[in-house]
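Welcome! Take a moment to look over the sequence and the model below, and then we can walk through them together.

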Amino acid sequence: MIFNERLRRLRKERGLTQRALGEMCGYTGASAERVVQLWEYGKQSVPLERMRTVAAVLEIPVDLLVP
């Protein structure tokens with residue numbers, strides 16, 4: 001499973017919307033949802049500092065996100 005698939009699965013398992021995850025990672029408004037969409041569709045990579053935040057929000061170690 002590649003990163004974007006893992007991210008989508010983990011987000012949904014935790015009952016988070018794309019917007020909620022984006023906001024918890026420090027983005028605001030519509031850009032919060034859009035950035036997570038881009039990550040999940042593999043159109044944009046997650047910056048390393050955000051990767052740590054995403055992992056913390058999802059309550060998992062970073063290495064579970066990175067294939």
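Let's begin at V54. Setting aside its neighbours within four places in sequence, V54 is in contact with L7, C25, W39 and L65. Keep in mind as you look that this is a predicted model.

V54 also leads us to the largest nonpolar core, which has 19 residues. Those that touch the most other members are F3, L7, L21, W39, V54, L58 and L65. Helices α1, α3 and α4 each supply at least two residues of this core, and α4 gives the most, with 5 residues. As a general background, nonpolar side chains tend to be buried together in soluble globular proteins.

Now follow the chain back to helix α1, which covers residues 3-13. Which of its residues are buried? They are F3, N4, R6, L7, L10 and R11. Seen down the axis of α1, these buried residues fall within an arc of 160°, so they line one face of the helix. An α-helix has 3.6 residues a turn, so residues three or four places apart point the same way.

What do the buried residues of α1 pack against? Their partners are α2 (18-24), α3 (29-40) and α4 (48-58). On the face of α1 turned away from this buried side, you will find the exposed residues K12 and E13. Just after α1 comes G15, which takes a positive phi of about 70°.

Finally, a word on confidence. The mean pLDDT of the protein is 93, and 99% of its residues reach 70 or more. Confidence is highest in α2, at 97, and lowest in α4, at a mean of 93.

Definitions and conventions
Residues numbered from 1 in each chain as written. Predicted model: local features only at pLDDT ≥ 70, side-chain atom pairs only at ≥ 80, totals over all residues. Heavy atoms only, no water. Buried < 20%, exposed > 50% of the residue type's maximum accessible area, 1.4 Å probe, protein only. Helix = DSSP H or I, 4+ residues; strand = E, 2+ residues; numbered from the N terminus. Arc of directions from axis to C-beta. Contact = heavy atoms within 4.5 Å. pLDDT = per-residue confidence, 0-100. Core = buried A, V, L, I, M, F, W, Y, C linked by side-chain atoms within 4.5 Å.
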